[in-house]
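Open your viewer and load the model. We will start with the whole chain and then go down to single residues.

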Amino acid sequence: MRGRLSTLSRVAFELGRRRRRMSATSVPSMAEFLTKNPYSPPSWASHLRPIPSHTFSLAHLPTPIHRWNLPGLPNGTELWIKRDDFTGMELSGNKVRKLEFLMADAVDQQADTVITIGGIQSNHCRATTVASNYLNLNAHLILRTSKLLADQDPGLVGNLLVERLVGANVHLISKEEYSSIGSEALTSALKEKLEKEGKKPYVIPVGGSNSLGTWGYIEAAREIEEQLKSRTDGLKFDDIVVACGSGGTIAGISLGSWLGNLKAKVHAFSVCDDPDYFYDFVQGLLDGLQAGVNSRDIINIHNAKGKGYAMNTSEELEFVKKVASATSVILDPVYSGKAAYGLINEINKDLKSWEGRKILFIHTGGLLGLYDKVDQMASLMGNWSRMDVQESVPRKDGVGKMF
């Protein structure tokens, strides 16, 4: 018996040793949810500075990758999708990866309050609110809306419902004020006000997109590498496609693909501002990490904003409906919907150059944003009717009697 226990002890020790060794190179498991962990970067990113000391495990990782038969693809083109819309429920989407690093920094700085800013249906603001609440930090949101609505109750549609349900402090600002003052000045003003009230606020920029938040998608590149390595079919992606709204996601995934083993060309579809703005903004994030690379060398940015941020054409909404009906993948109208729509348009411009390529589309989440578009999409949802039941149909007692 003693020999058997000794053997079991050695096995347990070896498993523990392997697990600890793997933790330095693997993404956090769901079992570690809401724990603070020391951070070790991928070997190919170890020269970047500064390297974060810790992360908070907030996302359910790794997110799955599967084939996606998107309508309109040319023959021989393979499209795959990475489901970063599966990173959680209330705490979901691509912003959660950034928040793992940003919230760890907030806790390290002994903050008791988090301030962030975005549009009225910001996925980032919703995710930040939920993450803050998990970690016992108060959340203050500066939300941009129209001039007509800035003095009214913002309602409970979509992301606002979750934010207000979990206790966010909402501060409304008009688009005109946002444009003339700027996000940095607005968050600084609120930070100063809260400090005078004795709070210790930590400011997270729009979309969590600073050099620290960029590590979230450097890590995502490592995650994709590991997922491909575990396959037996030798799958390798030629291209990675993702929406761009604030710049941090595309900075991280393009740098990770460039430095690591993926070596896929990253295509970003900007849903606001212009490509030149994002090339410059991403360059600032890369310089903040001392990456030593040019943003234009590692990413191709396409203009997909259409009518403007969070505004949709009827064609874009029809595309979202068509994709959902054909594939059961629900795209949001602000980010992933515009990116996928832009991708199909780019492919159709030059079918030959896309034939035979293997493309990975990163779904960045945003399901709750659809609720803000119900009026615009109502005309697309015509598949319903009143069930016609003849009086001759007999009642079967005891089955389905719910009254």
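**The whole protein**

Begin with everything selected. Buried residues make up 49% of the 403 residues in the protein. Keep in mind that this is a predicted model.

Switch to the cartoon view. The secondary structure comes to 14 helices and 12 strands.

Now look at the overall dimensions. The C-alpha atoms fill a box of roughly 75 × 60 × 60 Å along the principal axes.

The accessible surface of the protein is about 20000 Å². Carbon and sulfur atoms hold 52% of that area.

Colour by charge. There are 47 positive and 44 negative charges, and their mean positions lie 8 Å apart.

Think about contacts, too. Take those in the protein with a separation of 6 or more: residues 24 or more positions apart account for 78% of them.

**Two domains**

Select residues 50-92 together with 210-373. This is domain 1 in the domain assignment.

How far apart are the C-alpha centres of domain 1 and domain 2? They lie 24 Å apart. Now zoom in on where the domains meet. Here 37 residues of domain 1 are in contact with 29 residues of domain 2.

**Stop one: Ser-270**

Select residues 265-270. This is strand S10, and Ser-270 is found in it. Is Ser-270 buried or exposed? Its relative accessibility is 0%, so Ser-270 counts as buried. The cut-off for buried is under 20%.

Show the neighbours of Ser-270. Leave out residues up to four places away in sequence. Ser-270 then touches Cys-244, Pro-275 and Phe-278, among others. Its contacts also include the run Ile-301, His-302, Asn-303, Ala-304 and Lys-305.

**Stop two: Gly-366**

Move on to the loop between strand S12 (358-363) and helix H14 (374-377). Gly-366 is found there. Gly-366 has a relative accessible area of 3%, so this loop residue is buried.

Which residues does Gly-366 touch, not counting those up to four places away in sequence? Select Asn-123 and Asp-332 to see them.

Gly-366 and Leu-331 are 35 residues apart along the chain, yet their C-alpha atoms are separated by 7.6 Å.

Definitions and conventions. Residues numbered from 1 in each chain as written. Predicted model: local features only at pLDDT ≥ 70, side-chain atom pairs only at ≥ 80, totals over all residues. Heavy atoms only, no water. Helix = DSSP H or I, 4+ residues; strand = E, 2+ residues; numbered from the N terminus. Buried < 20%, exposed > 50% of the residue type's maximum accessible area, 1.4 Å probe, protein only. Contact = heavy atoms within 4.5 Å. Areas by Shrake-Rupley, 256 points an atom, 1.4 Å probe, with all protein chains shown as cover. Lys, Arg positive; Asp, Glu negative; His and termini not counted. Charge placed at Lys NZ, Arg CZ, Asp CG, Glu CD. Domains from an automatic or database assignment.
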